[in-house]
Amino acid sequence: MTGQRRVIAHVLSEADDHPDVEELYRRASALDNRISVATVYRTVRLLEERGILERRDFGGGRARYEASENGCHYHLIDIDSGRVIEFENEELVSLLSQIAKKLGFDLVSHRAELFGRAEKGATADEGKNTSSEGKKSV
Ligand SMILES: [Zn+2]
């Protein structure tokens, strides 16, 4: 991996959100101003092919990225604010495995993105019921 690619990989592994290419470019070029947006695009594609990062689609027409080392989790996207809430749910994994089985397949990978609107009167419970990585267990 070249130095520039390493900078981009580092930025991704440090991110605790889901940056898009533009945001990755902003952060990477702050560390190394020789990095171009084209390099970010190429590197992101390469890292995705190698399974080092995951591409996410939260709507809005731009791909978002996070390091694969963030582990298996799901996302709920607030359609009003765009806020992304990460959560884990073991029942969902076993349910999806059962569905794949019924269709004659072993589940290899899966993804789930939920799009929702906060219930009226619901208060944000930031920091409550979250795992050490900040993901909610539901
Ligand atoms: Zn995530």
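This briefing goes through the chain from its overall layout to single residues. The model is predicted. The chain holds four helices and six strands, and its elements run α-α-α-β-β-β-β-α-β-β from the N terminus. It is divided into domain 1 (3–68) and domain 2 (72–119).

**Overall layout**

- Along the principal axes, the C-alpha atoms of the chain fill a box of roughly 45 × 45 × 30 Å.
- Of the 138 residues in the chain, 15% are buried.
- Among contacts in the chain with a separation of 6 or more, 48% are between residues 24 or more positions apart.

**The two domains**

- The centres of domain 1 and domain 2, taken over C-alpha atoms, are separated by 23 Å.
- Five residues of domain 1 are in contact with five residues of domain 2.
- On the side of domain 1 that touches domain 2, the residues divide into one nonpolar, two polar and two charged.

**The nonpolar core**

- In soluble globular proteins, nonpolar side chains tend to be buried together.
- The largest nonpolar core in this chain has 14 residues. The residues with the most contacts inside this core are Ile8, Val11, Leu12, Leu24, Ala28, Val40 and Val44.
- Helix H1 (3–14), helix H2 (21–31) and helix H3 (37–49) each supply at least two residues of this core. H1 gives the most, with five residues.
- Isoleucine 8 is in contact with Leu24, Ala28, Val40 and Thr43, leaving aside its neighbours within four places in sequence.

- Strands of a sheet pair through backbone hydrogen bonds, either parallel or antiparallel.
- Strand E1 (residues 53–57) pairs with strand E2 (residues 63–67) in the antiparallel sense, over five bridges.

**The four-stranded sheet**

- Four strands form an open sheet with mixed pairing, in the order E5-E3-E4-E6.
- Strand E5 (113–116) and strand E6 (136–137) are the edge strands, and each pairs on one side only.
- Strand E3 (residues 74–78) and strand E4 (residues 84–88) run antiparallel and are joined by four bridges.
- Leucine 76 stands opposite isoleucine 85 in E4.

**Helix H4**

- Helix H4 (residues 90–102) has 13 residues. From its first C-alpha to its last, H4 reaches 19 Å, close to the 18 Å expected at 1.5 Å a residue.
- H4 is hardly covered, and the count of buried residues among its 13 residues is zero.

**Histidine 18**

- Histidine 18 has its place in the loop between H1 and H2.
- Histidine 18 counts as partly exposed because it has 19 C-beta neighbours inside 10 Å, while a buried residue needs 20 or more.
- Not counting residues up to four places away in sequence, histidine 18 touches Arg56, Arg64, Tyr65, Glu66 and Val84.
- Histidine 18 and isoleucine 77 are 59 residues apart in sequence, and their C-alpha atoms are 12 Å apart in space.

Terms used:
Residues are numbered from 1 along each chain as its sequence is written. This is a predicted model: local features need pLDDT of at least 70, side-chain atom pairs count only at pLDDT 80 or more; totals for chains, interfaces and linings use all residues. The expected span of a helix is 1.5 Å times one less than its number of residues. A residue is buried if 20 or more other C-beta atoms lie within 10 Å of its own, exposed if 12 or fewer, and partly exposed in between; C-beta atoms are placed from the backbone. Two residues are in contact if their C-beta atoms, placed from the backbone, lie within 7 Å. Two strands pair if DSSP finds at least two bridges between them. A nonpolar core is a set of buried Ala, Val, Leu, Ile, Met, Phe, Trp, Tyr and Cys residues joined through C-beta atoms within 7 Å. Domain bounds come from an automatic or database domain assignment. Ala, Val, Leu, Ile, Met, Phe, Trp, Tyr, Cys and Pro count as nonpolar, Asp, Glu, Lys and Arg as charged, and the others, Gly among them, as polar.
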